[in-house]
Amino acid sequence: MIKSIAEWSEQDYLILALAHEKTDWKPYLAEILQSYEDFVELASTFQKVLLIAPSEEDFEPFLRFKNVEFFQYTCNDTWIRDFGAIDVWENGRLKSLDFTFNAWGGKFESALDNALNAELFSQKFQSRLEDVGLVLEGGSVDFNGAGAMLTTEHCLLNSKRNAHLNKAELEARLKKLFGLHSIIWLKNGFIIGDDTDHHIDTLARFIDAQTIIYCACEDEDDPHFLPLKAMEAELLKTPFKCIPVPLPKPLFYEGRRLGASYANFVFVNGGLILPFYQDEKDELVRDILQKALPECRVVGVDARVFLRQNGSLHCSCQNRFKGERWI
């Protein structure tokens, strides 16, 4: 029996791949590494964090934090949510699925990212990793842990991912791989500045088995207004409780609008880390999530620099859950 895992389940590690000088972060490397330090400092107060980087020198700023471990490897990019292995339960044991990563439909070089999981699991985890002959990014799917999954048609049905499968065939594969009884395919919604072909983790997320948080826009002059209203109408037809959170005010870098979204939050053991954007809505959204999750400590960390490369906090990390190991 296969069972998908909700992200609020107990984690063994939060895994991050650090920016380095051979990535697109080079022009403002010091700024993004400071943002990683802030994120790791906060996350490591909740649970263990595993950092991946090319050299021991890259790890030095993080040695002062407790609960942090290191793995030396050179990635093409930092968005490990999309190329990290995805855990499932199989007959009560933890198994990790290694999907093919082609950098969001071949947009960038990705050979090193795609090869990470085999190296990480053979050297660090020494646990079961199953190679899956399917292109899939972790940020494109979201699970409630009770057999339901959220995703977007624009991403999963993109012709540069799994063109050999139609929607029905892909749905059947995903249900089998993740032990699902239902998939919610959203047709609408996007965030300007997201270059992943509409990943769900910028739009709508489960926060418990029965509740979805989703992005909403009330400014009729904003390009997000109609697409997010259409997405809202789709979500309200599902059997789940749906709670809207506003978009932050538009943020720009070098004249380009950035993909700021409060939906890109990260669950950690006993807490939820919310991306903050130095916006008056930061605390409003924190309060909404704190009210919805009274037993969870909701905190924020400045995520503005992450946006320059079209991601935010959730995009930058992947979960490794606790469970019986395959040794």
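In the hairpin of S5 and S6, 2 residues lie between the strands, and Asn91 takes a positive phi near 50° there. Welcome to this predicted model, where local features need pLDDT of at least 70, side-chain atom pairs count only at pLDDT 80 or more, and totals for chains, interfaces and linings use all residues. Residues are numbered from 1 along each chain as its sequence is written, and side-chain values use heavy atoms, with hydrogens and water left out. Helices (H or I, at least four residues) and strands (E, at least two) are DSSP runs, numbered from the N terminus.

**The sheet**

- Four strands make an open sheet in the order S1-S5-S6-S7, with mixed pairing; two strands pair if DSSP finds at least two bridges between them.
- Its edge strands are S1 and S7 (129-135), each of which pairs on one side only.
- From one strand to the next, the twist averages 40°.
- In general, strands of a sheet pair through backbone hydrogen bonds, either parallel or antiparallel.
- S1 (residues 2-4) pairs with S5 in the antiparallel sense over 3 bridges, and Ser4 has Val88 in S5 as its bridge partner.
- S5 also pairs with S6 (residues 93-100), again in the antiparallel sense, over 5 bridges; here Trp89 has Leu94 in S6 as its bridge partner.
- S6 and S7 pair in the parallel sense over 4 bridges, with Val135 in S7 as the bridge partner of Thr100.
- Strand S5 (residues 86-90) is mostly covered, as 4 of its 5 residues are buried (under 20% relative accessible area; exposed is over 50% and partly exposed in between, with a 1.4 Å probe and protein chains only).

**Helices on the sheet**

- Helix H5 (residues 111-125) packs on the sheet and touches S6 and S7, where contact means heavy atoms within 4.5 Å.
- The direction of H5 makes about 150° with that of S6; axes are lines fitted to C-alpha atoms, for helices over the stretch in contact, and angles run from 0 to 180 degrees between N-to-C directions.
- Helix H7 lies across S1, S5, S6 and S7, running at about 165° to S7.

**Aromatic rings**

- The count comes to 18 aromatic pairs, taking rings of Phe, Tyr and Trp (its six-membered ring) with centres within 6.5 Å; planes under 30 degrees apart count as stacked, over 60 as edge-to-face and the rest as tilted.
- Phe59 and Phe70 form a tilted pair, 4.6 Å centre to centre with 40° between the planes.
- This pair links distant parts of the chain, with Phe59 in helix H2 (residues 56-59) and Phe70 in strand S4 (residues 68-72), 11 residues apart.
- Phe59 counts as buried at 6% relative accessibility, while Phe70 is partly exposed at 26%.
- Phe143 and Phe178 are also a tilted pair, because their ring centres are 4.6 Å apart and their planes are at 45°.
- That pair joins strand S8 (residues 142-143), which holds Phe143, to helix H7 (residues 167-178), which holds Phe178, across 35 residues.
- Trp25, Tyr28, Trp79 and Tyr253 are linked into a cluster by ring pairs.

**Charges over rings**

- The charged end of Arg308 sits over the ring of Tyr28, 4.9 Å from its centre; the rule asks for NZ of Lys or CZ of Arg within 6 Å of the ring centre and within 35 degrees of the ring normal.
- Arg205 likewise has its charged end over the ring of Phe265, 4.2 Å from the centre.

**An exposed helix residue**

- Leu226 is found in helix H8 (residues 225-235) and counts as exposed, at 63% relative accessibility.
- Leu226 and Asn188 are 38 residues apart in sequence and 9.2 Å apart in space, C-alpha to C-alpha.
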